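Let's take a walk through this structure together, moving from one site to the next. Please keep the sequence and the 3D view open as you read.

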Amino acid sequence: MSSLFKNYARRPVHLVKGQGTVVTDDTGKNYLDFISGIAVVSLGHAHPAIVHAIQQQSEKLWHVSNLFESPEQEELASALMKDTHLSHAFFCNSGAEANEAAIKLVRKHTKKNIIITFEQSFHGRTFGAMSATGQDKVRQGFGPLLETFRIVPYNDIQQLEAAIDNDVAAIMLEVIQGEGGVHQLDVDFAQSIKDICKSTGILLIADEVQTGIGRTGTRYAYEQTQLKPDIITIAKGLGGGFPIGAMLGTAELVDSFGPGTHGTTFGGNPLAVAVAQCVVNHVFRTDFLQQVEEKSSYLIKKLQTLLPKELFSIRGSGLLLGIECKDAVQTFIHQAEEKGLLLVQAGEHVIRLLPPLTVTNEQIDEAIGILSSVLVSVLAPKQF
Ligand SMILES: *Cc1c(COP(=O)(O)O)cnc(C)c1O
């Protein structure tokens, strides 16, 4: 009998250690980790620089709260926003918390109530973030939800335009919907969002909790679009496995979050900031991001060779990729796990690939080998 709430469908595997892209269970079996703790372990498991950063910081100072100045948070904030149009950061502990901060900030700043979000989106499990999320399975049983959110179909310009009125404070979106099935923002749709925001003054929040910090091959995914969000939220990959989130915003918004308006006890604590600084120092290097792009192209090419277009569609960017299958994918994921490859789904029909950004081409080859062996029944249906 488990003493834990049953809110997770846990797999019967007990992982006890990890090194780079490889994790090991309590029987000594190795797996290639193409989940990365859901896009979190960006530099792989037990990266020596991260281990060093947390060891060093743990001997100096763990926690003092945000009652005190923090040059370390300042330094991390500058590194995160260097050469962007964003200028101020708020640190917290998770993606949902970063989104809550964004929701509060745009409401306070604009004095308007409505935030437009999208079908299949995922913004987190807290009450505001859940209400923002456009998936029934996340919301079911918790109503009545907040009426702040107007949820419209993703990539549908007409319906977006129809949802715009004077009550709208902001539009909140994922540049690639990660949990919702690895759906990408259309270029035309991005352009109309840009036009709407420009002509109405509606603010734009990019939820980069999954796509940010190099996951899609650029520092942030919005950099691959024409969008210029007023706020971006990040978390997952930022701490490389240590919990930390952040909301980054433009200078215009600063006065709406004055002393006492918002806060968190743990946000940006010295341990979290030391680790995140180390992650950002690695990931934001041009050559590192270039390598993410190269590995992504390598992986996509292999997938395209293996998987016929009629049966599979491959979507995503960088090392956030989705393979949409005609069949439900859960069985494939179980089989891959048995053969030593950890994968996660994004909706019923999409296999998501989220290896550490440090994955090697050899590990990609090995993963593709396992993937092709479990997809063989779909690739070559038995002839009778
Ligand atoms: C995971 C995720 C969240 C929620 O982050 P938590 O750290 O689990 O609260 C929010 N938005 C997106 C896009 C995510 O992928």
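Beyond its neighbours within four places in sequence, Thr 264 is in contact with Asn 66, Phe 90, Phe 91, Cys 92, Asn 93 and Glu 97. Keep in mind as you look at these contacts that the model is predicted. You will find Thr 264 in the loop between β12 and α9. A polar atom of the Thr 264 side chain lies 3.4 Å from the backbone nitrogen of Phe 266.

Arg 125 is found in the loop between β5 (114-118) and α5 (127-132). Is Arg 125 buried or exposed? Its relative accessible area is 59%, and the cut-off for exposed is over 50%, so Arg 125 counts as exposed. Leaving aside neighbours within four places in sequence, Arg 125 is in contact with Ala 96, Met 130 and Val 138.

Another annotated residue is Lys 236, which UniProt, again in an unreviewed entry, covers with "modified residue: N6-(pyridoxal phosphate)lysine". Look for Lys 236 in the loop between β11 and β12. Its relative accessibility is 21%; buried means under 20%, so Lys 236 counts as partly exposed. If you set aside its neighbours within four places in sequence, Lys 236 is in contact with Ile 38, Ala 39, Val 40, Glu 179, Val 209 and Gln 210.

The strands on either side of that loop, β11 and β12, lead us to helix α3, which spans residues 71-81. The buried residues of α3 are Gln 73, Leu 76, Ala 77, Ala 79, Leu 80 and Met 81. What do they pack against? Their partners are β4 (88-92), β11 (231-234), β12 (245-249) and α9 (270-283). After α3 comes Asp 83, which has a positive phi, near 55°.

Let's finish with the aromatic rings, where the count comes to five pairs. In one of them, the ring centres of Phe 118 and Tyr 154 are 5.8 Å apart and the planes stand at 70°, so the pair is edge-to-face. Phe 118 belongs to strand β5, while Tyr 154 sits in the loop between β6 (149-152) and α7 (157-163), so this pair ties together parts that are 36 residues apart in sequence. Phe 118 has a relative accessible area of 1% and is therefore buried. Tyr 154, at 11% relative accessibility, counts as buried too.

Tyr 154 also pairs with Phe 189: their ring centres are 6.3 Å apart with planes at 65°, so this pair is edge-to-face. Here again distant parts of the chain are linked, with Tyr 154 in the loop between β6 and α7 and Phe 189 in helix α8 (residues 187-200), 35 residues apart. Phe 189 is buried, as is Tyr 154. Through these ring pairs, Phe 118, Tyr 154 and Phe 189 are linked into a cluster.

The charged end of Arg 219 sits over the ring of Phe 284, 5.9 Å from its centre.

Key. Residues numbered from 1 in each chain as written. Predicted model: local features only at pLDDT ≥ 70, side-chain atom pairs only at ≥ 80, totals over all residues. Heavy atoms only, no water. Buried < 20%, exposed > 50% of the residue type's maximum accessible area, 1.4 Å probe, protein only. Helix = DSSP H or I, 4+ residues; strand = E, 2+ residues; numbered from the N terminus. Contact = heavy atoms within 4.5 Å. Polar contact = N/O pair within 3.5 Å; in protein donor to acceptor, adjacent residues only side chain to side chain. Phe/Tyr/Trp six-rings, centres within 6.5 Å; stacked < 30°, edge-to-face > 60°. Lys NZ or Arg CZ within 6 Å of the ring centre and 35° of its normal. UniProt positions renumbered as here; feature names shortened; annotations may be inferred.
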